[in-house]
Amino acid sequence: MLREWAPLTALLQQVPQRVQRGLFWDDLCLTCIDVLPEFIAIGTDHGLVLWYDRRTGHMERLKCENLVDSITCVRLVSTVDFLVAAGSAAGIVSIFKVPRLPSQIKQIERYCVSGLHSSKITALEWSLNGMKLFSGDINGLIVLTKLDFYMHLSKSMELLDEKFSIVQLSYCHQILLVSSMLRTVICNPDDPQNISQVGQRERKRLGQLGATFCASPNGLPNQEVIYTGRPGLRIWVADRQGTVQQTLIFKDALLNPQVRVQLVNPAPPHILRSRSLSFPEGTGNDQDVTHPLVQQLGRLVVYKEHLLVTCSGNDLYVLDPESITVVAVADELRSILDFAVTKDEIFVLEGKRSLVRLACHPEVSSSGQQKGCSEQPVLSPSEAPMAATAVSSIKDFTNKIPFHKILTTLSSPFQSGQKQKEEAVLATEAVELPPIVALPPDTKLNLALLESTPRKLEPIGQQEFEEVLYKGRRKKKVRHVLPPSDTESGSESFGDEHEDLSSRVLRLSPDDILTGLPCRPLPLPDLRSPDSIERDVADKESKLAEVMPVLRDLLNPGGATTPQGEIVNKSVHGSKETTPVRPSVLPLVRKERSFSSSSKQMSLDSSTSTLLPVTGIHPLQQSSATETVERWVQFSLLEPVSNLWVNKWFVCCIGPHGSIKFSTSCNGELKWRESEWRAQEVQTTPNGKVVWRVHRGVAFRANCSRENPFVEQNWAQEVRGVKALAVTESGAAWVVTADCSLQYHGENGVISIPSDFPVARVTCSGYSIWVVSAGCGQLWQRACVSEAQPSGTHWLRIATPNGEPVLAAALSMKTVPMGYFTIGWVLDRRNALYFSFDALVHSGELPKQAPSWWQVLVNGGLPRPISEDNINVTGELLVAATDTSIWVATKNSSLIHMNNSEFMGHKWDIVHPIELAVRWHEISAEGSCDGAGQLWYLSSQGDLYCSRPDSQLFYAVPQASSRKIMCMSSLLNSLWVLDFEGRVLIRQGLSEQNTAGSGWKELDLAQIKSTNHFDFISCGIDTIWACDTNGSVFMTVGSAHALKACDFSPCWIQVEDEPKSSEDIHFLKVFAGCSTYMVWALDNKNNVYVREAVFPDFPLGSRWVVVPGVEAVNLTLSATGVWVLTPTGEIYRRCGISEVNFTGDYWKKLPGTATYITVSADDKISAIDQEGRIIVHNQKVFSFLHEPKTAAADSDWELV
């Protein structure tokens, strides 16, 4: 049940009470909040963002640009680092980059976005990778800020102007959902002019109505549902195009809620009563919905993937849109300034200094214990009502009520014959102390206190409890006039200079009011469960045992202790590990292990067979997940990984000291637990019912459950001297022994498998077995393996990618509607990961055609070590695959990467021209698109050839000059070449029917030859760009088709804007393509430039802008992208280029190397490899949800 478990005292006590501004002190008030599972960010009215670590309890202060400005909105996102965006009332957005790991030697970076917003920021929204931030203000202006944390740069631009205050922003799959007070619209940030409205009608009246994306019920990507609020307590359900599909009416459900959220300290009754009296009746359309007292749905936030959290006035609702019901309502809050949701928790900023946490479970402290929960009371059934009544009486003092009602409040619980209402009250709830009204001097109080009550409660105070719930202070007489409080709620008064408010409340008793004598502290029960008390006592005993040898001997009779305090039993029965005998006097609870532990552990040795005590599994600090490029999810662990194994039910990581960490929840989140057993390798059957582990060369086998696979204590020792193994579906194992031979351990015993090569690794799936030979890294498959003949008959050698030796291999079986197929994975010695659908041999003979291997970019993305979009994996890789996911980890690293949706496979195919064997120098593919046009090839001897797209028939093209061609540029049915004498020749007669053309025409360059001659030329869609030998850039207006038919000389315009960084830098090449706005250049230092502000009516542009990240010696343009070739032969693509984003977002690496690259208008890449051969790039989309399909070259990845 959703409820408040305990006040957030640890957080609120660290919030400063006052802040000095000049010579004066001002009260610090909380204004807004956003949360992550690890951190809480709270905005204040003094330009500070309070950054609270939920694990350590430490709080930091992030200072914004203007400390006198109030923070109105704050938003968080978790990427490689934590990003915090804070909007102020003056329209300034401050962005903080907080390092994820405290050990990182990094400073918190701050970026400032100012000059665009001129009014209060009302909404902020991050993209999932943290590279885009959307901000909206009260005037309806929406600004897009793009961040480059590698270059420490930010770029902001106006995206949209709605003219009305922005209520909420939601971003998903490159689509921005904007909800203003007038309407809800859908906007594409790459094309801001393309705006569609949700629904056909705008709202009749303005309202603070929100909208959000929510995952579709079927879970498919790009099919998200849009929920947008409407007047009259309604919600529209729409698709991504804005078409309304359903209207959900919550009016009846909201006015009559069934489940109410229990609060520790709800609002006083007189406040709730006044709120209900002042609330207008009904919520019809004839009312002014902008009135603060009229119910309407505010912001909509997704909760637990399919629920919605919203607020209406001072009430918080959890809605179920599928059943159109109210799951829970919190209607006893004092107010709602802001609220935030993370996973299954809801945080409500109730007041200026009051924060409430609502969840279905207590908050877990840094020590792993839950706060605010009590399983069993320590009072007897007869004493519980009396104790609850006494505590309830104290609670009544905290309510802000007229003082003349104190008599009724205090006397009513003790009147005989009246049935009292019992309610569970936590001891810490009394920290909230409201103002106390002074008692008039002439007021007389008649209070009666039963004598039996103190006697019944006295034994409770005589009990000894470990946890101190009450701390006595010096007793003072209560004065008649008490100092008033500054705040309405006691939780708003925290600080070092204030006394313990709980003590003040507990010292107040009826005896003090009547007589003025010193009061007796009211004892409170211990709220811990018996199990918790037992664990605390045992923990104290273990700590004492470390320093008192006598006590350690008493606690551990008959057992030897290791330096770490672990009991070791050295008895061995047969070939099975036995369960050690537990201590019978007192339980010795060892400290919980963490991933960073480096202490030596006593474990099973192949020679001594020493056993470890098994006490089950230990919960560990959980890892965090970060979604990166190409739908890979990165999990950060707390200990390096030395081995990895996954199946359909759980993922298992082996630590450097043999510790086994596993998680049975492999979808979305990893909840790690640690087993007491040790291993260097773990293998299970596909159904997870049989597990094998190898520890120090000894293989053990046991039956297990999917929920707790490593709790089994009856491990049967199977074989010694094991180097590696693979487990079949039946539970049998293929074992690689220490002498590199292969054995099959099945139901009929052990079978030795002969081989002419030493075996290093083995993997299997069904009846398919692959092995990797030691030394040379060859890949072999055992043929004719079946149920009748499980050991097979002979070996078949599988061709590896590019003939390279492999380090490891894996097999996984994927089920499809027509059956199933097996996927083969290999990892070569260059750490390149490949997969294949046809590498597995299903017969006793090898096929004639070599298998197709597709490379997966795990170490790719960006040419920099740390980035929001880079899966940064270096070193030796560990690979494990199932039918639903692929897992990759770096050995001795604390990162794991997983993909369970889809990813791209890359492959380069060699083009063999028919009856032509030459070495190639240059290719031009810009003149081809969708199977039309031509590709032009220049050999190393200077010969020119052409071909149709996707054809291996080459045509020789005669040249007009004896001089060799320096460069060539092509568009559809157009070719321009530049020879070494500086002459520009245009090919004539090109068409779809005449591929090679019919002649040449020389372009008149009298204007250029008078000074110098061209060194490079490039044809654009309506301009021609060139560079001369001095590095000057020239441009002429006109298309390549029009200029080849003209007889007059074109007018060349020299571009005056040159690189200003150094005097010895000059341009070498300028590139124009089939898109008007794309003009790029390279200089003699291999820097990359882009021309800014190139438009059809202004083709010259304004200036050159450096695009950092890579160095390039060659560049090519398509209709949507830019590819560069680095000096080392690596290929990168610039992603995110559009008319409004001419520089793009980031560089993404392609596998392979080349000496020259070119790309067609539809993004088909051709290149020349180091051996002078023509190679073309192909890519295939592999999906774990559907059958594999070949993707077009222009398909790109979208961050989910």
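These are my notebook entries on a predicted model of one protein chain.

**Entry 1: Ground rules**

I recorded that this is a predicted model in which local features need pLDDT of at least 70 and side-chain atom pairs count only at pLDDT 80 or more, while totals for chains, interfaces and linings use all residues. Residues are numbered from 1 along each chain as its sequence is written, and side-chain values use heavy atoms, with hydrogens and water left out.

**Entry 2: The whole chain**

I looked up the secondary structure and found 12 helices and 84 strands in the chain. Both are DSSP runs, numbered from the N terminus: helices are H or I with at least four residues, and strands are E with at least two.

I then turned to burial. Of the 1200 residues in the chain, 54% are buried. Buried means under 20% relative accessible area, exposed means over 50%, and partly exposed lies in between (1.4 Å probe, protein chains only).

The accessible surface of the chain comes to about 53800 Å², and carbon and sulfur atoms hold 51% of that surface. Such areas come from the Shrake-Rupley method with a 1.4 Å probe; for residues, only the protein chains shown count as cover.

I also looked up contacts, where contact means heavy atoms within 4.5 Å. Among contacts between residues at least 6 apart in sequence, 52% join residues at least 24 apart.

**Entry 3: Aromatic rings**

I noted 30 aromatic pairs in the structure. Rings of Phe, Tyr and Trp (its six-membered ring) pair if their centres lie within 6.5 Å; planes under 30 degrees apart count as stacked, over 60 as edge-to-face and the rest as tilted.

One of the pairs is W677 with W715, which is edge-to-face, with 6.3 Å from centre to centre and 70 degrees between the planes. W677 belongs to strand β38 (residues 673-678) and W715 to the loop between β41 (698-703) and β42 (716-720), so this pair ties together parts that are 38 residues apart in sequence. I found W677 buried at a relative accessible area of 3%, and W715 buried at 0%.

I examined a second pair, W920 with Y937, which is tilted: the centres are 5.7 Å apart and the planes make 55 degrees. W920 is in strand β59 (residues 920-924) and Y937 in strand β62 (residues 935-939), 17 residues apart. W920 is buried at 6% relative accessibility, and Y937 is buried at 5%.

I recorded one aromatic cluster formed by W632, W825, F835, F837, F903 and F1182.

**Entry 4: Charges over rings**

Which residue lies over the face of F82? I found that R100 does, at 4.5 Å from the ring centre. A charge sits over a ring if NZ of Lys or CZ of Arg is within 6 Å of the ring centre and within 35 degrees of the ring normal. K155 places its charged end over the ring of F1142, 5.9 Å from the centre.

**Entry 5: A four-stranded sheet**

I traced an open sheet of four strands in the order β15-β16-β17-β18, with antiparallel pairing. Two strands pair if DSSP finds at least two bridges between them. The edge strands, β15 (166-172) and β18 (191-197), each pair on one side only. From one strand to the next, the twist averages 25 degrees; axes are lines fitted to C-alpha atoms, for helices over the stretch in contact, and angles run from 0 to 180 degrees between N-to-C directions.

Strand β17 (residues 184-188) is joined to β18 by four bridges, and C187 has I195 in β18 as its bridge partner.

**Entry 6: A hairpin**

I found that β69 and β70 form a hairpin with three residues between them. Strand β69 (residues 1014-1019) pairs with strand β70 (residues 1023-1028) in the antiparallel sense over five bridges. F1014 stands opposite D1028 in β70. In β69, five of the six residues are buried.

**Entry 7: Loop residues**

I noted first that most residues other than glycine have a negative phi. Q174 has a positive phi, near 65 degrees. Q174 is in the loop between β15 and β16 (175-180), and is partly exposed at 27% relative accessibility.

N802 also has a positive phi, near 60 degrees. N802 is in the loop between β50 (795-798) and β51 (806-816). Is N802 buried or exposed? I found N802 exposed, with a relative accessible area of 64%.

Lastly, I looked up N708, in the loop between β41 and β42. N708 is partly exposed at 29% relative accessibility. The C-alpha atoms of N708 and S663 are 9.2 Å apart, while the two residues are 45 residues apart along the chain.
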